[in-house]
Amino acid sequence: MGILVVFLGRTHGGVHIHEDKLTVTSPALMWVKVKLIHLISSLIIHHTCRKKHPLRLDIIVVLHAYCFCMLISICILGVLCVQECFAVRDSPVWMDSSTSDQCQCLETAVGGAQRLADITGSRAYERFTGNQIAKIYHSKPKEFSETERISLISSFASSLFLGDYAPIDYSDGSGMNLMDIFEKQWSRVCLDAAAPQLAERLGDLTPSTAVLGCVSLYYTERYGFAESCNVVAFTGDNPGSLAGMRLQEGDLAVSLGTSDTVFLWIRGPRPSVEGHIFCNPVDCSAYMALICFKNGSFTRERIRDECAGGSWECFSSALRATPMGNNGHLGVYFDVMEITPHFAGVHRFNAEGQRVSCCKRDMEIRALIEGQFLAKRVHAEKLGYKIIAGTRVLATGGASSNKDILQVLSDVFSAPVYIIDVTNSACLGCAYRAVHGLEAEAGASFTETLRNAPEPQLAVRPAPGAQEVQIHNITIHIPL
Ligand code: ADP
């Protein structure tokens, strides 16, 4: 069985930042010409030349990395490079932040940010598709009226392989501010707030595990794909990553990189104005949540430089030399405006909950790390996450190489921490999804399908007494 995973990754230089510095687009044709056709044809030709026999592909899963919205009108003719097919030649990408007005209108129309989150899993975000569509509807009414179909890059890419319009999958569809994530259908009130006759233009939604059909004749005749080559629903990069990390029920993955990201597997989500809830890409009855924190490694590096002479070894020694709970000393270290919560500044508290301007270096280091992980736990629980027996914390990213940091993570969550190598986790996840897509038809769960895949490695367990450590309640008043 051959599996092809095409990762439409960060296109350095592939985006166009407009004069207002807010609008960011990519040429629509780029997605057809450059990314798909060249990648696939070169891969097949390269393989055929080397191995002297044609590559047969049985499953295709493609994911997109960062493009959340694309407005297109395509006629699927088996002919791909047709510029005229696109109603709008530049598709907005994830970096676009030009739709504040549309976000405000959408939240007002549904009854506020929390109400929108209750329906779609997220409050209004500028890069989300519904708000991008609303902008195009108002700024380019002629093009909008000529648009037959609106696709995400993920569903657009699968359309190219199918030779027909492909549906949007539940998981990527959750990042549009248009879908009712509980009903798994378009939300009438959100559609109406964005643009008229949107349901027809968006088409149906589909489970992320669905097999959509076989590749079109174009691929079998021109590139030698097997006629039986199935196309499994395409999805976005974050759902792809969850699959790649093989998160299971109750698991939580923490990526400790430049920014920190928390992925959660949730059964009973409680959407909030902070964080995102998505339909789960590998289990239709579950959800995933995503919480991003901007103050990650840069803040850890600043404190390392100020309190540990720039050495991770000294930083680690300080963590080992200080007790769990830091004798009641806590800190909030938002060097830059944080995403979750929207707040900036550095605030230290002593054991009595009073603000203090400084503390001992070792304590500062522990206060930072405990504070960062406590924030992750608090926000995860706000979204409905529950630590259960058997919960695993999967750690990844640069700082996951530091065992003393992982020990604090394990103590704060009272759960064992495992390390996973998730280089290109989104690609790997889509390969897993492809195999599961076929087996899911016969009722196999994602975990059953991947029973032979390599397991994450246990790194640390919570220290005895971690669960009993009490943290006092602190309310921080934001100065207006
Ligand atoms: P990115 O988000 O850019 O992919 P990475 O996941 O590669 O980032 O993480 C890079 C970060 O890892 C560096 O900025 C550094 O602060 C951090 N890092 C590397 N080694 C250690 C260590 N031993 N302890 C703590 N943090 C570390």
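Predicted model: local features only at pLDDT ≥ 70, side-chain atom pairs only at ≥ 80, totals over all residues.
Me: Is arginine 246 buried or exposed?
Reply: A residue counts as buried when its relative accessible area is under 20%. For arginine 246 that area is 11%, so arginine 246 is buried.

Me: And asparagine 327, is that residue buried or exposed?
Reply: Asparagine 327 also has a positive phi, about 50°, although it is not a glycine. Its place is in the loop between H13 and E18. The cut-off for exposed is over 50% relative accessible area. Asparagine 327 has 53%, so this residue is exposed.

Me: Which residue caps the N-terminal end of H13?
Reply: Look for a side-chain oxygen that lies 3.1 Å from the backbone nitrogen of glutamate 313. That oxygen belongs to the capping residue, serine 311.

Me: Why do the buried residues of H13 line one face of the helix?
Reply: Helix H13 covers residues 312–321, and its buried residues are Phe315, Ser316, Ala318 and Leu319. Seen down the helix axis, these line one face because they fall within an arc of 155°.

Me: Which exposed residues are on the face of H13 turned away from its buried side?
Reply: Let's look at both sides of the helix. The cover over the buried residues of H13 includes helix H12 (297–307), helix H14 (361–382) and helix H15 (403–413). The face turned away from the buried side carries the exposed residues Glu313, Arg320 and Ala321.

Me: What joins threonine 340 and proline 341?
Reply: Proline 341 has its place in the loop between strand E18 (330–334) and strand E19 (345–349). Omega is about 0° where threonine 340 meets proline 341, and the link is a cis peptide bond.

Me: How many charged residues are in the shell around the ligand?
Reply: The residues surrounding the ligand include Thr258, Glu301, Trp312 and Ile405. Sorted by class, the shell has 3 nonpolar and 7 polar residues, and the charged count is 1.

Me: How much of the ligand's area does the protein bury?
Reply: Start with the polar atoms: a polar side-chain atom of glutamate 301 lies 2.4 Å from an oxygen atom of the ligand. A nitrogen atom of the ligand is 3.2 Å from an N or O atom in the side chain of asparagine 402. Taken alone, the ligand exposes 590 Å², and the part of that buried by the protein is 60%.

How values were computed
Residues numbered from 1 in each chain as written. Heavy atoms only, no water. Near = heavy atom within 4 Å. Polar contact = N/O pair within 3.5 Å; in protein donor to acceptor, adjacent residues only side chain to side chain. Areas by Shrake-Rupley, 256 points an atom, 1.4 Å probe, with all protein chains shown as cover. Nonpolar A, V, L, I, M, F, W, Y, C, P; charged D, E, K, R; others polar. Buried < 20%, exposed > 50% of the residue type's maximum accessible area, 1.4 Å probe, protein only. Helix = DSSP H or I, 4+ residues; strand = E, 2+ residues; numbered from the N terminus. Arc of directions from axis to C-beta. Contact = heavy atoms within 4.5 Å.
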